[in-house]
Amino acid sequence: MCGIVGVVGNKRAKEIVLTGLHKLEYRGYDSAGIMLSENAEFTVKKTPGRVAELEKEVVGIDGFSTGIGHTRWATHGEPKEENAHPHLSKSGRFGLVHNGVIENFSELKEKYLTDVTLAGETDSEVIVEVVDYFSRKGLDTMSAFTSMLKEVKGSYALALIDIEDDSRLFLAKHKSPLLIGLGEDFNLVGSDAMAMINETNQFVEIMDKERIVLTANTMTIYNENNEEVVRDAYTAEIDASDTEKGLYPHYMSKEIDEQPAVMRNLIQEYLTTEGASKIPTNIISDMIESDRIYIVGCGTSWHAGLVGKKMLEELTGIPVEVHLASEMGYDMPLLSKNPYFIFLTQSGETADSRQVLVKVNELGLPSLTITNVKGSTLSREATHTLLLHAGPEIAVASTKAYTSQIAVMLLLGKALGEEKNRKVAKELDLIHELSIVAGVMETLIDDKDVYDRLTREYLETTRNAFYIGRGLDYAVSLEGALKLKEISYIQAEGFAAGELKHGTIALIEEGTPVIGLISNEVTSAHTRGNIIEVESRGAKAMVIALEGLDKPGDDIVLPHVHSLLTPLVMAIPLQFIAYYASLHRDLDVDKPRNLAKSVTVE
Ligand code: M6R
């Protein structure tokens with residue numbers, strides 16, 4: 001949440017910062033700001049709303065070679081100009097951008113800033129004033145910056161400009177992501193590699209509690225003990241074009257369409273041409289020791305975990321629990337004797353998930369992060385990592401990461417099950433089955449006009465909607481409902497189909513849309529019965545059924561896939577229904593209100 005980008009030593013500083021901010025808008029888009037500086041001449045422009053608004057404010061402002069920018073997801077204080085970053089200290093000497101939450105900002109204000117009237121309500125404004133305070137006490141800038149950091153409790157990624165020496169950027173990181181990008185005769189900093197990928201593919205990681213002085217040609221990293229740290233750069237594998245929409249109107253539509261390619265990619269990444277697993281053996285040997293697997297995630301990742309539970313239990317015979325990270329961190333269940341933790345997180349930066357991982361590490365327990373972002377915090381801090389290989393996912397509504405998470409758990413379950421000599425795992429040919437899934441996904445993706453029409457028919461004017469299913473379909477119904485509500489603002493709930501009659505059916509009235517999911521032979525008749533029950537009470541029921549379980553009049557029939565893999569194809573129409581519902585209501589599909597892609601606050 002919140003995106004930071006900065007550059008030092010490049011006359012195109014404004015353009016570089018604005019391009020970076022556009023790429024970081026997925027992290028928050030309540031307000032945006034930029035500070036440009038050179039030889040003590042500087043300008044700060046901030047605006048509520050999107051980076052596009054900020055761009056209008058800086059037309060004609062050129063020639064600066066140092067810059068920092070910020071795109072905000074409000075935590076402290078409403079999205080208005082005064083609360084937007086960069087924050088300039090009252091003396092006019094220091095400008096700062098911050099991502100994270102300073103928990104003790106009120107105490108710092110009382111201790112150091114009794115004589116300062118702050119412009120806004122943010123925790124971030126407090127810390128730039130604390131730097132200024134120490135500087136006025138006679139400390140040089142690095143010492144003032146360090147003194148401020150010693151006082152701060154919470155999470156931060158920071159970039160600071162000192163107007164009196166604007167050939168340097170002062171950077172620090174703790175629990176919020178920050179990365180250095182190396183250019184030729186200039187250097188960069190950003191919340192992620194995508195923000196800098198148009199300028200460089202050479203990056204240097206920053207570890208928690210490190211401070212950095214960055215100039216056009218040097219990078220000096222200090223650890224917590226004030227020792228200099230030498231760290232090599234790495235080459236990023238992402239391509240600038242991966243982060244573009246191309247001819248697509250929205251990132252979400254592009255990312256939905258990419259799912260067949262992701263499935264094929266995963267086959268190549270995790271299976272040999274003979275079908276043997278390429279998952280590192282140390283992951284399997286750690287997991288085989290466990291008597292219970294705990295899957296942890298939030299939102300869509302938690303939903304993928306619910307699907308993964310059924311797959312892993314079936315393929316490995318190991319019991320699996322799925323937990324919401326935001327609950328588990330402060331309400332740890334009684335753990336089994338040999339627990340194994342799987343963290344599902346597209347971004348690898350989600351604060352709720354990370355706080356569970358911190359506790360798991362304190363307990364000395366083994367863990368695996370399944371993430372899309374190599375080198376992300378949860379990847380670095382878990383024992384092992386498996387990557388989603390889905391390519392950058394930019395739309396706030398997660399699509400390809402969800403199906404990729406499910407497929408990776410399937411590949412993991414098969415590898416582990418085979419090692420445990422489980423017949424069901426040995427018989428599952430995932431090259432074959434995932435290839436079929438990829439083909440079916442393509443067929444479904446070709447039916448966009450059907451989803452467009454059905455969305456108009458069922459969801460055009462409604463205020464609410466229900467998704468119902470049993471077993472894996474129930475897990476997918478939760479995801480379908482989340483997708484719909486987050487981007488169309490239609491109040492939507494996913495329900496176990498059999499559970500409606502125990503209370504929720506009271507909400508069904510004339511015209512209430514109910515989307516019934518049917519992919520399981522054993523429960524299909526029961527779910528059909530539940531659909532008839534809601535129709536009898538006036539509901540308009542849209543039925544999505546797997547071929548073979550379909551009936552005349554069903555709205556969507558999914559071509560047949562293996563029974564364990566049905567969520568991978570059931571997800572596609574649900575993603576499109578949410579997409580078209582958002583589009584028909586003329587909403588911002590990729591950047592829904594109040595949300596951000598990477599949720600780095602608890
Ligand atoms: O990066 P993560 O997978 O940890 O993110 C978890 C959730 O914030 C995320 O899945 C969220 O629910 C999506 N916006 C759903 O589309």
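In which segment does Lys-597 lie? Lys-597 is found in the segment after helix H19, which covers residues 566-584. The model examined here is predicted. An unreviewed UniProt entry places the feature "active site" at Cys-2 and Lys-597. Although these positions are spread over 596 residues of sequence, they cluster in space, with a largest C-alpha distance of 9.7 Å.

**Cys-2**

- Cys-2 is located in the segment before strand E1, which spans residues 3-8.
- Of the annotated set, Cys-2 belongs to the lining of the largest cavity.
- Cys-2 counts as buried because its relative accessibility is 7%, and buried means under 20%.
- Not counting residues up to four places away in sequence, Cys-2 touches several residues, among them Arg-27, His-70, Thr-71, Arg-72 and Trp-73.
- The residues that Cys-2 touches also include His-98, Asn-99 and Ser-191.

**Lys-597**

- Lys-597 has a relative accessibility of 11% and therefore counts as buried.
- Leaving aside neighbours within four places in sequence, Lys-597 is in contact with residues including Tyr-26, Arg-27, Gln-346 and Glu-393.
- The contacts of Lys-597 also include Ile-394, Ala-395, Val-396, Ala-397 and Ser-398.
- The side chains of Lys-597 and Glu-393 are joined by a polar contact of 2.6 Å.
- Arg-27 is one of the residues touched by Cys-2, and Arg-27 is also in contact with Lys-597.

**Aromatic pairs**

- Eleven aromatic pairs are found in a search of the whole structure.
- One of them is formed by Phe-576 and Tyr-580, whose rings are stacked at 6.3 Å centre to centre, with 25° between the planes.
- This pair counts as stacked because the planes are under 30 degrees apart.
- Phe-576 and Tyr-580 are four residues apart in helix H19, so about one helical turn separates them.
- Phe-576 and Tyr-580 are both buried.
- A cluster linked by ring pairs consists of Tyr-451, Phe-576, Tyr-579 and Tyr-580.

**Charges over rings**

- The charged end of Lys-540 sits over the ring of Tyr-458, at 5.4 Å from the ring centre.
- The charged end of Arg-593 sits over the ring of Tyr-489, at 3.8 Å from the ring centre.

Definitions and conventions
Residues numbered from 1 in each chain as written. Predicted model: local features only at pLDDT ≥ 70, side-chain atom pairs only at ≥ 80, totals over all residues. Heavy atoms only, no water. UniProt positions renumbered as here; feature names shortened; annotations may be inferred. 1 Å grid on protein atoms, 1.4 Å probe; cavity = no way out; pocket = protein on both sides within 12 Å on 5 of 7 lines; lining within 4 Å. Helix = DSSP H or I, 4+ residues; strand = E, 2+ residues; numbered from the N terminus. Buried < 20%, exposed > 50% of the residue type's maximum accessible area, 1.4 Å probe, protein only. Contact = heavy atoms within 4.5 Å. Polar contact = N/O pair within 3.5 Å; in protein donor to acceptor, adjacent residues only side chain to side chain. Phe/Tyr/Trp six-rings, centres within 6.5 Å; stacked < 30°, edge-to-face > 60°. Lys NZ or Arg CZ within 6 Å of the ring centre and 35° of its normal.
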